[in-house]
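I am opening my notebook on a new structure, and I want to record what I looked up and in what order.

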Amino acid sequence: MMNNENINFIEAKSKLNWDEYFMLQAMIAAFKSKDPATKVGSVFVDQNNHQITMGYNGFIAGIDETKLPWGKDRSVGLEHQKYGYVVHSEANAILHATRSLEGAKAYVTLFPCNECAKLIASSKVKEVIFLSDKHRDTEENRIAKKIFELSGVSYRKLDFRPEILGHLVEHLNSQLVEL
Ligand SMILES: [Zn+2]
C-alpha cells in the first residue's frame, strides 16, 4: 500500500533547459523584427537566469520608418541602404537595459558583428551563446571573435534540440484551448 505522504509527489520536469528557454526568447524577439531579409534577436540574462533586457534589429526608435529603405542593395550609396539606419539587436538590447550587464550572458540568434562585439565586451558581458554563425568567414566576424578573445568574453554555439519546437507548438495550442 502506498504511503499517503507520497501520493502527490509526481515526477515533474521542464521540457526546456535554460539555454533553450532563453534562445527561444531570442528567436521570438527576432520574429518581431520588420527587416524583410534578416531577423535577429537577443536576450541578456544575469547569473540567476533572470532576463535583464532584449532586443531585435530595427530602425532607430521613434523615427518615421516609412522614409527609410529596407533594401540591402549595395550598388547604391549607404544613404539608400538599410545598413545606414538599422540598429542591431544586441545594440538595442544594451541601449534599453536598465541595469548593469556586468557578468551577464547574451543569447543571440546570430553571432554578433564587430560593432556589437565592441558594445558587448565594453558592457562586461561574460558569455555569448549563439544559434547561427553563418557569417563566420567575414572580416567583421573575425574582428568580433578577436574582440571577445582579447576581452575575455567566452562564446559557444547552442545545439538547439529541434524536437523542442514540436513541444512548443503543442504547448501553445494547449494554451489556446479556451479561445
Ligand atoms: Zn551587430
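This is a predicted model: local features need pLDDT of at least 70, side-chain atom pairs count only at pLDDT 80 or more; totals for chains, interfaces and linings use all residues.

Which strands pair with strand 5? On one side I found strand 1 (residues 41-45), joined to strand 5 by four bridges, with the two strands running antiparallel. I traced two of the partners: Val43 is bridged to Tyr107 of strand 5, and Phe44 has Ala106 of strand 5 as its bridge partner. I then turned to strand 6 (residues 127-132), which is joined to strand 5 by five bridges and runs parallel to it. Here I picked out Val108, whose bridge partner in strand 6 is Phe130.

Where does strand 5 sit in the strand order? I found an open sheet of five strands in the order 2-1-5-6-7, with mixed pairing. Strand 2 (51-56) and strand 7 are the edge strands, since each of them pairs on one side only. From one strand to the next, the twist averages 15°. I also reminded myself that in a regular strand the side chains alternate between the two faces of the sheet.

Next I asked what helix 1 (residues 18-31) touches, and I found that this helix packs on the sheet, where it touches strand 1, strand 2, strand 5 and strand 6. The direction of helix 1 makes about 140° with that of strand 1.

**Helix 2**

I then checked helix 2 (residues 89-96) for burial: six of its eight residues are buried, so helix 2, too, is largely enclosed by the rest of the structure. I wrote down the buried ones, which are Ser89, Glu90, Ala91, Asn92, Ala93 and Ile94.

**Helix 3 against helix 4**

Two packed helices are described by the angle between their axes and the distance between the axes, and I looked up both for the next pair. The axes of helix 3 (residues 114-122) and helix 4 (residues 139-151) come within 8 Å and cross at roughly 15°. An angle under 35 degrees counts as roughly parallel, and that makes helix 3 roughly parallel to helix 4. The crossing of helix 3 and helix 4 is right-handed.

Which residues make this contact? From helix 3 I listed Asn114, Ala117, Lys118 and Ala121, and from helix 4 I listed Glu140, Ile143, Ala144, Ile147, Phe148 and Ser151. Sorted by class, the contact of helix 3 with helix 4 has six nonpolar, two polar and two charged residues.

I looked up Leu158 in the loop between strand 7 (154-157) and helix 5 (163-175).

Asn49 is not a glycine, yet its phi is positive, at about 60°. Asn49 belongs to the loop between strand 1 and strand 2, and with 11 other C-beta atoms within 10 Å it is exposed. Lys124 also has a positive phi, near 70°. Lys124 is placed in the loop between helix 3 and strand 6, and with 14 other C-beta atoms within 10 Å it is partly exposed.

**The whole chain**

Last, I stepped back to the protein as a whole, which has five helices and seven strands, and which reads along the sequence as α-β-β-β-β-α-β-α-β-α-β-α. Its C-alpha atoms fill a box of roughly 80 × 45 × 30 Å along the principal axes. Of the 179 residues in the protein, 27% are buried. Among contacts between residues at least 6 apart in sequence, 61% join residues at least 24 apart.

Methods:
Residues are numbered from 1 along each chain as its sequence is written. Axes are lines fitted to C-alpha atoms, for helices over the stretch in contact, and angles run from 0 to 180 degrees between N-to-C directions. Angles under 35 degrees count as roughly parallel, over 145 as roughly antiparallel, 65 to 115 as roughly perpendicular and the rest as oblique. A crossing is left-handed if the near helix is turned anticlockwise from the far one by less than a right angle, and right-handed if clockwise. Two residues are in contact if their C-beta atoms, placed from the backbone, lie within 7 Å. Ala, Val, Leu, Ile, Met, Phe, Trp, Tyr, Cys and Pro count as nonpolar, Asp, Glu, Lys and Arg as charged, and the others, Gly among them, as polar. Two strands pair if DSSP finds at least two bridges between them. A residue is buried if 20 or more other C-beta atoms lie within 10 Å of its own, exposed if 12 or fewer, and partly exposed in between; C-beta atoms are placed from the backbone.
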